[in-house]
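Open the model in your viewer and keep the selection tool at hand. The tour goes from strands to helices and then to the nonpolar cores.

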Amino acid sequence: MNPSDFIHPEDAAALRQLQNVPGLTALTKKFLAVGYEQIMHGVNMASCVQLSPSQLPQLYNRLPPICEKLGIEVPDFYLTMNPMPNAWTFGDTRIYIQITSGLVEMLSSEELDSVIAHECGHILCRHVLYSNLASFVLGGINSIDPTGLIAAPLKLALFYWNRKSELSADRAAAIITSPEVVARSQARLAGGPKTLTDQLDLNLWAQQAEQYEVIRNDGFWNKSLQMYAIATSDHPFAAVRVREILKWSESEDFCRIKTQIENGTYSDNICPGCHQPIESHWQFCQNCGANLKK
Ligand SMILES: [Zn+2]
Ligand SMILES: [Zn+2]
């Protein structure tokens with residue numbers, strides 16, 4: 001798939017800003033290349049369960065079809081024992097996805113697909129390099145900026161982008177499963193197991209995000225407090241994610257992509273203007289005349 005078909009506009013804008021910071025991409029790649037990626041490869045191999053067609057295939061086999069639909073290479077896939085439900089993606093030249101046992105236990109199989117598709121969405125949108133950087137900085141692994149190489153405003157910009165990147169990955173998950181499944185998975189991760197959250201009213205929960213907006217916009221002081229509360233968080237608040245994905249599910253973009261995928265007419269080479277398939281040698285769209293030369 002072409003990420004520009006579904007990437008959240010705030011993610012795209014923030015990502016462009018990061019890519020324009022001189023040296024940031026090279027610095028991060030260097031940090032991974034000098035050893036961190038190899039360290040993680042060894043640690044995972046030694047301490048986690050590497051999933052494969054012959055190792056817990058009922059779990060592993062969920063991944064390749066999702067990768068095929070999104071058009072990415074199948075990354076390494078690990079299971080780690082941790083009762084906290086979680087999943088993450090790491091790497092640059094050798095990307096892996098890791099899921100915890102808590103995640104597998106808490107989610108239904110389609111909710112698990114939505115989390116795996118979310119991680120694959122990060123890979124497709126080329127988020128992984130900067131999200132690695134954000135997790136180093138957030139996790140207090142300061143070896144990457146021992147002398148404060150990464151200035152505070154840049155850190156906040158990185159965290160801001162990292163939160164917005166989640167919204168695009170949620171969209172990838174909604175394309176693979178459905179917006180309701182993505183929202184339902186969020187309900188599990190925020191509110192607990194099925195026994196508690198199965199009857200949860202997703203729309204009511206999404207409305208909490210509207211109430212949050214009211215609190216957040218109630219004068220300068222409240223705005224500052226709420227900005228402070230989220231500034232160093234790596235994920236948007238759960239209710240905000242649910243509201244965003246349910247809102248996107250009603251958009252023309254989502255309906256078009258979903259229909260095209262279902263009837264096999266989706267093409268990742270489409271005109272940004274009229275969303276019709278285009279030929280790679282076209283300089284201008286032959287349907288709407290849009291300039292296609294970059
Ligand atoms: Zn994510
Ligand atoms: Zn066009």
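Two strands count as paired if DSSP finds at least two bridges between them. The model is predicted, and the selections below are made on it.

Stop 1: Select strand β3, residues 87–90, together with β4, residues 96–100. The two strands run antiparallel and are joined by four bridges. Colour T89 and look across to β4: I97 stands opposite.

Stop 2: V49 has L79 in β2 as its bridge partner. Now show α6 (109–124).

**Stop 3: the largest nonpolar core.** This core has 42 residues; those touching the most other members are I116, A117, C120, A172, A173 and V242. Several elements give two or more residues to the core, among them α4 (63–70), α5 (101–106), α8 and α11. Which element gives the largest share? That is α6, with seven residues. Centre the view on C120: beyond its neighbours within four places in sequence, the contacts are I66, C67, L70, I72 and A172. A second core of ten residues is separate, and A14, L18, F136 and W161 are among its members.

**Stop 4: helix α13.** Select residues 238–248. The buried residues here are A239, V240, R241, V242, R243, E244 and I245. Show what covers them: α8 (152–176), α9 (179–191) and α11 (202–216) are included.

Hide everything but α9 and α13. Their axes are 9 Å apart and the packing angle is about 175°. Angles over 145 degrees count as roughly antiparallel, so α9 is roughly antiparallel to α13. On the α9 side of the contact, select P179, V182, A183, Q186, L189 and A190; on the α13 side, select A238, R241, V242, I245, L246 and W248. By type, the contact residues are ten nonpolar, one polar and one charged.

Technical notes
Residues are numbered from 1 along each chain as its sequence is written. Chains are lettered from A and ligands numbered from 1 in the order in which they are written. This is a predicted model: local features need pLDDT of at least 70, side-chain atom pairs count only at pLDDT 80 or more; totals for chains, interfaces and linings use all residues. A residue is buried if 20 or more other C-beta atoms lie within 10 Å of its own, exposed if 12 or fewer, and partly exposed in between; C-beta atoms are placed from the backbone. Two residues are in contact if their C-beta atoms, placed from the backbone, lie within 7 Å. Axes are lines fitted to C-alpha atoms, for helices over the stretch in contact, and angles run from 0 to 180 degrees between N-to-C directions. Angles under 35 degrees count as roughly parallel, over 145 as roughly antiparallel, 65 to 115 as roughly perpendicular and the rest as oblique. Ala, Val, Leu, Ile, Met, Phe, Trp, Tyr, Cys and Pro count as nonpolar, Asp, Glu, Lys and Arg as charged, and the others, Gly among them, as polar. A nonpolar core is a set of buried Ala, Val, Leu, Ile, Met, Phe, Trp, Tyr and Cys residues joined through C-beta atoms within 7 Å.
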